[in-house]
Structures are given as structure tokens and as C-alpha cells.
Amino acid sequence: MSRSSLGDDIYNEDDSIKKLERYVAALCGHEAALFCASGTMTNQLALRVHLFNPPQSALVDIRSHVHNYEAGGISYHSQAAVYAVMPSNGHYLTVEDIAPRIVLDVD
């Protein structure tokens, strides 16, 4: 940190962030990469990329971070309804937990 460029990334002025993004993009074989300052930010960006055409919904584990600790971010940022489900096995969601709750029609 003491040797980073400390430029303003909003204005694309932070050389250390640009270098990091180029490095990660090359490492992953992608055209570009995006540095995010927090896990919450990356979660919300990932959800927004997938929930881009309201009205939509997100089915999540009732204990998930995005449900319990991100202040309604899914609803706020992606205009999506959130359906929280407790896994029947007590560990993780299964097809059996999800299948009866999937809404496939547009009505």
C-alpha cells in the first residue's frame, strides 16, 4: 500500500489498480478485469449482471450473506424479489429445495 499510486480509480487514474486488473485479466484469460473494494460490492455486481431485466427474483439460502448482511441490496440494485429458503438437509440448497419454488412463466 505504501508504494501504490493512490490515484483516483473513479477517473481511471490509479496505475496500481490498472496494473492489477490487467494482470488478473491475463491470468484468467479474459479481456479485462474489474477490481472491487469489497465482497459485498462484488456480490451485488454479480447479481446485477444476472438480474438485469426486472421483474425477476433470486432464490437464496436463508443463511446467505447476500440475504442477511447486504441491506436488501438485491432488491435495491437489481429490483428483484428475494425468496429465502432453508435447505432441507441443513447444509446447502438442493434441486429438491429449489424445484418447487421456480417460477418459469411470465405472469
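## Salt bridges

In this predicted model, the side chains of Lys18 and Asp15 meet in a salt bridge at 3.4 Å, N to O; the term denotes a side-chain nitrogen of Lys or Arg within 4 Å of a carboxyl oxygen of Asp or Glu. Both Lys18 and Asp15 belong to helix α1, three residues apart, or about one turn of the helix. Helices (H or I, at least four residues) and strands (E, at least two) are DSSP runs, numbered from the N terminus. Lys18 is partly exposed, with a relative accessible area of 22%, and Asp15 is also partly exposed, at 47%. The classes are defined as buried under 20% relative accessible area, exposed over 50%, and partly exposed in between (1.4 Å probe, protein chains only).

The structure holds two salt bridges. Asp61 and Arg63 form a salt bridge through their side chains, at 2.7 Å, N to O. Asp61 counts as buried because its relative accessibility is 15%, whereas Arg63 is partly exposed at 37%.

## Model basis and confidence

Residues are numbered from 1 along each chain as its sequence is written. The model is predicted, so local features need pLDDT of at least 70 and side-chain atom pairs count only at pLDDT 80 or more, while totals for chains, interfaces and linings use all residues; side-chain values use heavy atoms, with hydrogens and water left out.

The average pLDDT of the protein (the predictor's confidence in each residue, from 0 to 100) is 90, and 96% of the residues score at least 70.

The largest nonpolar core has seven residues in all: Leu47, Leu51, Ala58, Val60, Val66, Ile74 and Ala80. Such a core is a set of buried Ala, Val, Leu, Ile, Met, Phe, Trp, Tyr and Cys residues joined through side-chain atoms within 4.5 Å. In soluble globular proteins, nonpolar side chains tend to be buried together. Leu51, one of the core residues, touches Gln56, Ser57, Ala58, Ile74, Ser78 and Ala80, residues up to four places away in sequence not being counted. Contact means heavy atoms within 4.5 Å.

Ser78 lies in helix α4 (residues 73–78) and is buried, with a relative accessible area of 1%. With residues up to four places away in sequence again left out, Ser78 is in contact with Leu47, Arg48, Leu51, Pro54 and Gly73.

## Nonpolar surface patch

Leu20, Tyr23, Val24, Leu27 and Phe35 make a nonpolar surface patch of about 470 Å². Patches consist of residues with over 30% relative accessible area and no salt bridge, with like charges joined within 9 Å and nonpolar side chains (Val, Leu, Ile, Met, Phe, Trp, Tyr) within 5 Å. The areas come from the Shrake-Rupley method with a 1.4 Å probe; for residues, only the protein chains shown count as cover. Val24, one of the patch residues, lies in helix α1 (residues 15–28) and is partly exposed, with a relative accessible area of 31%.

Ser2 is found in the segment before α1 and counts as exposed, at 76% relative accessibility. The C-alpha atoms of Ser2 and His91 are separated by 42 Å, the two residues being 89 residues apart along the chain.

Thr94 occupies the loop between β2 (80–85) and α5. Thr94 is buried, at 16% relative accessibility, and touches Ser88 and Asn89, not counting residues up to four places away in sequence.
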